[in-house]
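Visitor: I would like to go through this structure by its definitions. Please set each value against its cut-off.

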Number of protein chains: 2
Amino acid sequence: MKIAVLGTGMVGQAHAARLIDLGHAVYMGTRNPKKGPADSANQLNSWIEAHPSVKLMTFAEAAQRSEMIINALNGEIAVTVLKSIEAGLGDKVVIDISNPLDFSKGMPPRLSVSNNDSLGEQLQSALPKVSVVKTLNTVNCLIQVEPKRLAAADHTVFVSGNNMAAKETVIRLLQEYGWRRIIDLGDIETARGAEMYMPLWLRLMDSLKTVDFNLKIVVNE
Amino acid sequence: MKIAVLGTGMVGQAHAARLIDLGHAVYMGTRNPKKGPADSANQLNSWIEAHPSVKLMTFAEAAQRSEMIINALNGEIAVTVLKSIEAGLGDKVVIDISNPLDFSKGMPPRLSVSNNDSLGEQLQSALPKVSVVKTLNTVNCLIQVEPKRLAAADHTVFVSGNNMAAKETVIRLLQEYGWRRIIDLGDIETARGAEMYMPLWLRLMDSLKTVDFNLKIVVNE
């Protein structure tokens with residue numbers, strides 16, 4: 001599948017590398033694709049050199065050339081960037097894995113939107129033609145793309161979205177990554193639940209002194 | 001131990017009954033202790049008749065007579081009620097198991113405080129002498145008092161609080177209830193994490209069509 005990964009940070013790199021391994025074509029979107037390779041101090045350069053099949057291009061071009069888009073941008077800029085490339089997004093599936101973290105008040109970060117709205121909803125509302133599916137924001141990026149690195153993948157991930165077919169497409173990708181426990185929370189409004197779990201995740205990170213954890217939902221049979 | 005349970009709803013009843021079974025003395029606090037037994041339409045009456053060792057009294061008297069207090073009140077009234085009985089609370093341990101749920105905007109409820117504050121913190125700040133320990137608010141009351149009804153108690157509960165000795169006392173009570181996986185999140189500020197998990201819990205309840213579930217935190221060893 002042709003998949004755009006928007007964002008070249010740790011999260012974008014984790015997804016791009018894993019998608020290449022799984023045999024997908026990856027179009028990595030960035031603000032200025034020239035800047036990366038020209039700047040030798042940039043960690044992105046060595047990563048791009050190590051992953052020659054990943055194509056680095058503008059956000060707009062990556063969206064245009066792909067069938068599905070992964071939003072691995074900083075949550076604070078996600079709506080603005082995606083809105084600016086609306087034409088290229090068309091009616092494609094946008095997998096939103098970002099979190100609306102606000103670091104301006106110190107650590108741990110607060111949420112810039114919560115309780116009566118969510119970043120997932122904001123994206124869906126700004127881009128009414130695309131199908132936003134919120135997922136994976138509840139775990140560290142290394143677990144996102146390879147859940148079996150933790151407890152043989154015996155832990156849970158969530159999906160939220162209005163379009164059932166889009167959710168099914170995303171669930172198939174999650175299964176390719178190795179996810180076995182996937183809970184469909186419901187429509188995109190339920191992204192509030194997944195995003196508002198972040199404050200607990202952040203405090204668990206402090207308490208457990210690792211990011212290598214997740215929750216498993218245990219239900220009485 | 002002499003334990004006050006403030007609140008006579010389903011949550012208060014679950015704790016009172018379980019504490020009696022465990023051999024504790026239970027003082028159940030309510031707004032008007034006369035009202036219950038006089039009103040035969042009240043479900044509380046038959047419950048009180050079935051649990052003769054539970055003593056029903058005013059909030060103030062329950063707090064005064066006990067060594068430890070469980071706040072099983074509706075989150076919306078918790079600060080007001082507890083502040084009104086501050087003298088009786090003294091410097092005792094207050095176990096806050098309530099959630100700041102706001103049903104005024106429809107279902108699922110929103111949180112009346114979140115992100116930059118929490119109900120746990122509001123209680124601690126309104127009652128500087130007591131030691132507030134936030135716990136158990138992340139599970140249904142039947143699981144709260146008997147975790148082994150779900151997956152042989154192989155799932156997680158959290159504690160948050162400023163006073164380490166108070167947390168240790170509460171952890172011992174949690175262990176009496178049957179909890180085996182208890183994570184200390186840190187000081188009372190971390191109650192934000194436990195309370196902001198509620199929106200996810202509410203959507204899981206909708207999706208799973210049961211309240212008989214919990215999360216287990218899975219960590220890479």
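Guide: A polar contact is a pair of N or O atoms within 3.5 Å; within protein, one must be able to donate a hydrogen and the other to accept it, and residues adjacent in sequence count only if both atoms are side-chain atoms. By that rule, 13 residue pairs are in polar contact across the interface of chain B and chain A, both residues at pLDDT 80 or more. This is a predicted model: local features need pLDDT of at least 70, side-chain atom pairs count only at pLDDT 80 or more, and totals for chains, interfaces and linings use all residues. Residues are numbered from 1 along each chain as its sequence is written, chains are lettered from A and ligands numbered from 1 in the order in which they are written, and side-chain values use heavy atoms, with hydrogens and water left out.

Visitor: What makes residues of chain B count as in contact with chain A?

Guide: Contact means heavy atoms within 4.5 Å. On that test, 38 residues of chain B touch 38 residues of chain A. Buried area is the accessible area (1.4 Å probe) that two parts lose on being put together, summed over both. Here the two chains bury about 3,200 Å², 63% of it on carbon and sulfur atoms. In chain B, L200(B), R203(B) and V218(B) lose the most area to chain A, together 20% of what that side buries.

Visitor: Why is E189(A) with R203(B) called a salt bridge?

Guide: The term asks for a side-chain nitrogen of Lys or Arg within 4 Å of a carboxyl oxygen of Asp or Glu. The closest N and O atoms of E189(A) and R203(B) are 2.7 Å apart, so the pair qualifies.

Visitor: What makes R149(A) and D212(A) a link between distant parts of the chain?

Guide: Their side chains meet in a salt bridge at 3.3 Å, N to O. R149(A) sits in the loop between α8 (141-145) and β9 (156-161) of chain A, and D212(A) in the loop between α11 and β11 of chain A, 63 residues apart. Helices (H or I, at least four residues) and strands (E, at least two) are DSSP runs, numbered from the N terminus.

Visitor: How do you know that β11 of chain A and β11(B) pair?

Guide: Two strands pair if DSSP finds at least two bridges between them. Seven bridges join these strands, which run antiparallel, so they pair. In β11(B), L215(B) is the bridge partner of I217(A).

Visitor: Why are W201(A) and F213(A) called stacked?

Guide: Rings of Phe, Tyr and Trp (its six-membered ring) pair if their centres lie within 6.5 Å; planes under 30 degrees apart count as stacked, over 60 as edge-to-face and the rest as tilted. A search of the whole structure finds two aromatic pairs over all chains. The ring centres of W201(A) and F213(A) are 5.3 Å apart and their planes lie at 25°, so this pair is stacked. W201(A) lies in helix α11 (residues 198-208) and F213(A) in strand β11 of chain A, so the pair ties together parts 12 residues apart in sequence.

Visitor: What backbone feature does A151(A) have?

Guide: Most residues other than glycine have a negative phi, and most peptide bonds are trans. A151(A) is not a glycine, yet has a positive phi of about 50°. The peptide bond from M107(A) to P108(A) is cis, with omega near -10°.
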